Amino acid sequence: MISNEQYVDSLYASDEKLDRVIKGLERHDMPQISIAEGYGRLLTLLVRMSGASRLLEIGALGGYSGICLARGLRQGGRLLSLELLQPYAEVAKQHVTEAGFGDYVDYLVGDAKESLAKLKEEGRRFDFFFVDADKEGYPVYLDYALQLAEPGAIIVADNILLRGRTTDVNKQGPSVLAVRSFNERIATDDRLESTILPGYDGLAIARVKG
Ligand SMILES: C[S@@+](CC[C@H](N)C(=O)[O-])C[C@H]1O[C@@H](n2cnc3c(N)ncnc32)[C@H](O)[C@@H]1O
């Protein structure tokens with residue numbers, strides 16, 4: 001018996017560029033915590049369908065989701081990716097470049113909260129956000145996304161089920177509490193229209209009204 005996710009993934013041909021990222025993560029001794037392949041495909045579709053051209057990613061790792069996001073970009077579009085660790089940003093840049101998107105992607109290294117404060121100060125605006133860094137930061141990342149968003153911007157966040165911890169009442173750690181609060185806000189904030197997909201490790205998708 002295979003899972004619904006395994007069945008769906010088995011319908012698709014292997015993806016050489018993304019496979020290269022997985023192998024690169026292994027080679028560099030980095031964690032295999034890239035976005036699930038089905039949600040990677042969804043990122044590409046959401047960028048393409050929304051026509052977004054100024055993308056902000058929070059949490060680059062090895063560039064897997066960066067490639068998925070960049071694939072949906074129209075001409076002239078750009079992705080800015082925030083990553084805490086310089087070596088990870090370098091690996092991500094290498095993979096994104098090998099995939100043919102190096103000219104459209106920039107990396108800002110450091111704690112995303114500081115980078116976001118700087119972007120706000122500079123008056124930068126984005127029409128697509130992908131939140132996928134430390135889970136404790138999710139509520140703060142949502143606050144910043146709302147402040148940096150153009151009307152109609154899309155906000156996507158990965159791992160909102162925390163591999164079962166979100167729904168386990170016995171789990172009360174800081175990441176779990178932060179993600180529960182994030183999910184509740186995604187579902188109830190009047191400024192957003194949204195849905196939450198429970199497949200893989202859960203994905204929140206919201207649109208800023210306006
Ligand atoms: C789940 S991984 C990102 C996976 C990536 N989005 C993908 O799907 O290919 C989380 C990343 O967030 C980074 N990160 C963790 N805390 C951070 C912070 N405070 N600011 C910026 N990046 C952070 C980690 O170093 C790691 O690379």
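Leucine 162 counts as partly exposed, because 19 C-beta neighbours lie inside 10 Å of this residue, and a residue is buried only from 20 or more. The model described here is predicted.

Leucine 162 sits in the loop between strand E5 (149-158) and helix H8 (174-188). Arginine 163 is found in that loop between E5 and H8 too. Arginine 163 is exposed, because 10 other C-beta atoms lie within 10 Å, and a residue with 12 or fewer counts as exposed. Most residues other than glycine have a negative phi. Leucine 162 is not a glycine, yet its phi is positive, at about 45°. Arginine 163, also not a glycine, has a positive phi of about 50°.

| Residue | C-beta neighbours within 10 Å | Class |
|---|---|---|
| Valine 8 | 15 neighbours | partly exposed |
| Leucine 162 | 19 neighbours | partly exposed |

Valine 8 belongs to helix H1 (residues 4-10). In sequence, valine 8 and glycine 38 are 30 residues apart, while their C-alpha atoms are 7.8 Å apart in space.

The next topic is the ligand. A shell of 19 residues surrounds the ligand, and the closest are Gly59, Tyr64, Ser65, Leu84 and Ala112. By class, the shell holds 11 nonpolar, 4 polar and 4 charged residues. Helix H4 (64-71) and strand E2 (78-83) each give at least two residues to this shell.

Helix H4 is mostly covered, with 7 of its 8 residues buried. These buried residues are Tyr64, Ser65, Gly66, Ile67, Cys68, Leu69 and Ala70. Two of them, Tyr64 and Ser65, are also among the residues closest to the ligand.

Ala112, another of the residues closest to the ligand, is also part of a contact between two helices. How do the axes of helix H6 (residues 112-121) and helix H7 (residues 138-148) cross, and at roughly what angle? The two axes come within 10 Å and cross at roughly 15°. Angles under 35 degrees count as roughly parallel, and H6 and H7 are therefore roughly parallel to each other. The crossing of H6 past H7 is left-handed. On the H6 side, the contact is made by Ala112, Lys113, Leu116, Leu119 and Lys120. On the H7 side, these residues meet Val140, Tyr141, Tyr144, Gln147 and Leu148. By class, this contact has 7 nonpolar, 1 polar and 2 charged residues.

Technical notes: Residues numbered from 1 in each chain as written. Predicted model: local features only at pLDDT ≥ 70, side-chain atom pairs only at ≥ 80, totals over all residues. Near = placed C-beta within 6 Å. Helix = DSSP H or I, 4+ residues; strand = E, 2+ residues; numbered from the N terminus. Nonpolar A, V, L, I, M, F, W, Y, C, P; charged D, E, K, R; others polar. Axes fitted to C-alpha atoms, helices over the stretch in contact; angles between N-to-C directions. Parallel < 35°, antiparallel > 145°, perpendicular 65-115°, else oblique. Left-handed = near helix turned anticlockwise from the far one by under 90°. Contact = placed C-beta atoms within 7 Å.
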